[in-house]
Amino acid sequence: MQPPSPATPEIAPSHPVQPDERHHPITAGGFVKAGPIVFEDASEKAGLTRWTHKMGTPAKDLIVETKGSGVGLIDYDNDGWLDIYIVNGSTVDALTGKAAPPHAALFHNNHDGTFTDVAGKAGVANDRWGTGVAIADYDNDGWADIFVSNVGKNRLYHNNHDGTFTDVAEKAGVTLGNWSSSATWGDFDGDGRLDLFVAGYLHWDWNNLPKTGADAAANAFCTFRGEQVACGPRGLKGEPDHLFHNNGDGTFTDVSEKAGVADKPGYYGLGALFVDINNDGRPDLLVGNDSTPNYLYLNKGDGAFEDVSYASGFALNSAGRETASMGIAVGDYENSGMLAVFNTTFSDDYKPFYRNEGDGNFTDISDQLGIAEVSVPFLSWGDAFIDYDNDGWRDLLMADGHVYPQADKYNWGTSWAERPMLFRNVDGKKFEPVAAVEGTGLAAVVAGRGMAVGDLFNDGKLDAVINVMDGHPVLLRNVNPDKNHWLELKLVGGPKSPRDAVGATIYIIANGMKQRGDVLSGGSYLSSNDPRPHFGLGAATTVEAIEVHWPSGKVEKFTVPGVDRIVTLTEGTGK
């Protein structure tokens with residue numbers, strides 16, 4: 001969260017308050033009565049409303065009660081349909097044994113539009129203070145595993161291939177023990193095994209909590225616009241980041257210092273993603289930090305990274321200011337072969353969109369794209385590039401919600417519960433806000449946090465699941481009326497690549513354009529998306545070419561028998 005800067009404490013709103021015609025804050029209003037319906041709120045119909053997220057008390061007096069939890073999309077039983085893992089938080093009463101702990105959910109996909117929570121049976125309930133989730137097949141056995149970050153010891157749930165999991169975090173050496181936030185998997189050293197990066201947020205001491213009022217000298221940032229709110233993060237000690245090397249025997253070694261990604265300044269890490277940002281075939285590392293500069297580490301190929309955060313332009317926004325970075329989304333919005341980066345931030349600040357200029361250099365062009373001003377009132381978290389209408393141009397979706405319940409009490413021009421925002425990509429030149437039609441998914445006003453996107457119904461349309469603070473998850477089912485074609489690819493790596501092909505980059509040529517897709521684990525905010533790259537094809541009924549750059553370095557060309565289908569590509573079977 002982003003308190004006022006030390007130079008201008010407790011300032012008035014930095015933007016004009018924008019109520020809608022019914023005098024609602026624009027974050028909880030601005031709906032239209034009619035128009036194209038992109039998302040249906042299918043939460044209740046799908047069975048997700050039987051589960052509730054819980055984190056702290058409604059007053060949110062502590063920062064640890066405000067950050068929410070993530071969502072991971074996983075085909076845990078290898079039936080070809082995505083299931084949904086949703087992380088839960090906890091309460092002080094649960095941690096002290098005075099109340100039963102809230103449990104995470106593993107919603108099994110029933111293939112009929114409904115889901116059944118099997119977390120207890122599967123052994124993944126995580127009765128700890130949960131934050132993030134990252135999905136990947138870390139031991140290359142062909143079955144996806146689940147890493148869960150916590151405030152406290154983390155968990156690594158190994159898939160037993162029979163619908164159950166075993167927590168092997170202690171044996172693996174990845175428990176840590178304080179406040180871990182986002183996690184991401186990637187093979188940073190090219191040995192064919194996925195390594196794990198875990199961002200640290202605050203060093204949290206339940207016996208020495210941040211205080212407001214007269215005792216708050218060491219925690220100066222306990223007010224927002226003159227009102228008393230939860231303290232932090234500025235004035236509180238940051239928690240280091242950790243990079244764990246996969247030893248190939250079920251254990252990991254902490255190589256953070258050696259690799260140069262240990263976060264010596266103690267920044268407040270919230271977003272993290274392994275992705276090849278400079279197109280050299282090696283996964284680089286992005287870290288979004290709260291109220292402190294972001295990190296961009298370029299992979300040097302020798303087991304270490306080069307910190308180019310400031311030189312690249314990613315550390316700060318276009319005004320030269322640090323932001324309260326939450327989620328990280330990457331996507332080739334121009335179909336240029338280069339991945340742009342979009343970061344969600346606090347309210348009273350625009351959301352920076354970093355255009356990739358090549359060679360690890362970025363320019364913040366949020367204003368030129370039409371995203372900056374409209375995003376200022378929103379406090380945003382989960383984010384993703386998502387071609388919702390399958391026209392071949394990657395659009396942008398984000399989940400929103402405030403950290404201060406006081407937002408509903410004062411005329412700040414924002415609100416505790418907020419609607420999600422969808423921007424349509426116009427030929428890679430502009431992003432236009434998509435109107436929220438009353439009664440549809442885009443009009444769902446919730447305290448959103450983590451969000452994951454994927455094709456939950458295997459119909460070629462990308463859906464989204466949002467984890468809601470102290471509420472039910474929201475399933476945004478894509479019902480956009482377009483008739484465009486599509487293709488999704490499930491990649492299987494060979495012996496020198498991770499089995500689930502995390503780190504692979506795919507280029508396809510269709511409909512007069514060349515698109516890029518990447519197999520990633522992590523990203524958004526505390527979340528993990530569908531691992532199958534999705535391509536909207538517009539009116540095209542054929543795909544002219546497919547080229548896969550595998551993590552091993554092997555490059556292969558493939559053909560597919562048609563469009564509007566999910567195709568498996570296995571390393572070593574192409575040309």
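This is a predicted model: local features need pLDDT of at least 70, side-chain atom pairs count only at pLDDT 80 or more; totals for chains, interfaces and linings use all residues.
Which strands each supply at least two residues of the lining of the second largest cavity? Residues are numbered from 1 along each chain as its sequence is written, and side-chain values use heavy atoms, with hydrogens and water left out.

The protein chain has a mean pLDDT of 94, with 95% of its residues at 70 or more.

Two cavities of 30 Å³ or more are present. A cavity is a set of points, on a 1 Å grid over the protein atoms alone, where a 1.4 Å probe fits but cannot get out, and lining residues have an atom within 4 Å of a point. Grid points are joined across faces, edges and corners, and a volume is the space filled by probe spheres set on the points.

The second largest cavity, of about 90 Å³, answers the opening question through strand S10 (180-186) and strand S16 (269-275); strands are DSSP runs (E, at least two residues) numbered from the N terminus. Its lining comprises 16 residues, with Phe274, Val275, Pro283, Gly503 and Leu520 nearest the centre.

The largest cavity has a volume of about 440 Å³. Its lining is formed by 28 residues, of which Val330, Phe385, Asp518, Leu520 and Asn529 are the closest to the centre. Strand S20 (328-331) is among the elements giving two or more residues to this lining, and S20 provides the largest share, four residues.

Terms used: pLDDT is the predictor's confidence in each residue, from 0 to 100. On a 1 Å grid over the protein atoms alone, a cavity is a set of points where a 1.4 Å probe fits but cannot get out, and a pocket is an open set with protein on both sides within 12 Å along at least five of seven lines; lining residues have an atom within 4 Å of a point.
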